[in-house]
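Please keep the model in view while reading.

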Amino acid sequence: MPASLNPRYAVYTGTFDPVHLGHLDIIQRGSQLFDRLIVGVGINPEKTTLFSIEERVELLQQVVQGIPRVEIQPFLGLAVRFVREAGARIMLRGLRTLSDMEYEFTMSLTNLALDSAIETVFLMAKEEYSHISSTLIRQIASFGGELDKFVPPLIKSALLDRVGERQHRPQP
Ligand code: ADP
């Protein structure tokens with residue numbers, strides 16, 4: 001475990017099931033603020049996801065290609081522990097709405113109690129992305145709605161493939 005944490009390194013964690021334009025905007029802007037931005041893709045054995053951890057990591061790697069100083073890594077367990085193991089001092093989060101604020105406020109206080117060396121830094125979502133969530137995108141995809149405004153083309157086709165596979169799977 002690194003002894004000192006670099007204040008110029010940040011970690012941005014999430015489920016990214018799938019990654020969308022709101023996430024990408026935070027990654028893009030975060031990459032301009034820090035020397036290194038590690039995107040931590042959460043493995044949660046209790047949560048069912050549309051895309052496996054390997055797929056989520058792979059899709060993220062593809063959509064961040066060309067953004068300097070960004071790397072993608074899977075992680076299991078406490079986010080603050082992952083931040084510390086990465087040698088970073090900053091946990092980067094995106095804020096969409098007032099309701100996000102309540103949750104994020106509690107989370108950042110909890111994280112501070114768990115590891116007082118790690119600070120949470122928030123970036124406000126751009127207005128055009130502030131209503132986007134992965135949950136909403138999965139629903140739109142399953143009902144055959146228009147996805148272009150929410151996800152890059154690569155994610156759109158991965159979503160359509162996955163939803164198609166599920167809809168054509170024989171029912172037990
Ligand atoms: P997901 O489950 O969609 O991956 P998370 O809830 O795990 O998202 O969020 C990962 C991070 O991305 C959080 O900091 C969250 O606030 C941020 N985020 C999610 N959606 C947006 C958005 N539309 N714009 C900006 N930040 C966002």
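The protein chain has 172 residues and a radius of gyration of 16 Å, which agrees with the value near 16 Å for a compact globule of that length. The radius is taken over C-alpha atoms, and the globule rule is 2.2 Å times the number of residues to the power 0.38. The model is predicted: local features need pLDDT of at least 70 and side-chain atom pairs count only at pLDDT 80 or more, while totals for chains, interfaces and linings use all residues. Residues are numbered from 1 along each chain as its sequence is written, and side-chain values use heavy atoms, with hydrogens and water left out.

Along its principal axes, the C-alpha trace spans about 50 × 35 × 35 Å. Buried residues (under 20% relative accessible area, 1.4 Å probe, protein chains only) make up 44% of the 172 residues. Of the contacts (heavy atoms within 4.5 Å) with a separation of 6 or more, 76% join residues 24 or more positions apart.

The chain has six helices and five strands, in the order β-α-β-α-β-α-β-α-β-α-α. Helices (H or I, at least four residues) and strands (E, at least two) are DSSP runs, numbered from the N terminus.

The largest pocket holds about 1,100 Å³ of space. A pocket is an open set of points on a 1 Å grid over the protein atoms alone, where a 1.4 Å probe fits, with protein on both sides within 12 Å along at least five of seven lines; lining residues have an atom within 4 Å of a point. Grid points are joined across faces, edges and corners, and the volume is the space filled by probe spheres set on them. There are 40 lining residues, and Thr13, Gly14, Thr15, Arg93 and Tyr103 lie nearest the centre. H4 gives the largest share, seven residues. The table sorts the lining by class.

| Class | Lining residues |
|---|---|
| Nonpolar (Ala, Val, Leu, Ile, Met, Phe, Trp, Tyr, Cys, Pro) | 16 residues |
| Polar (the others, Gly among them) | 17 residues |

Helix H6 covers residues 153-168. Its buried residues are Ile155, Ala158, Leu159, Arg162, Val163 and Gly164, and they pack against helix H2 (53-63) and H5.

Histidine 20 sits in the loop between E1 and H1. Histidine 20 counts as buried because its relative accessibility is 4%. Leaving aside residues up to four places away in sequence, histidine 20 touches Ile132, Ser133, Ser134, Ile137, Phe150 and Val151.

Definitions and conventions: The expected span of a helix is 1.5 Å times one less than its number of residues. Buried means under 20% relative accessible area, exposed over 50%, partly exposed in between (1.4 Å probe, protein chains only).
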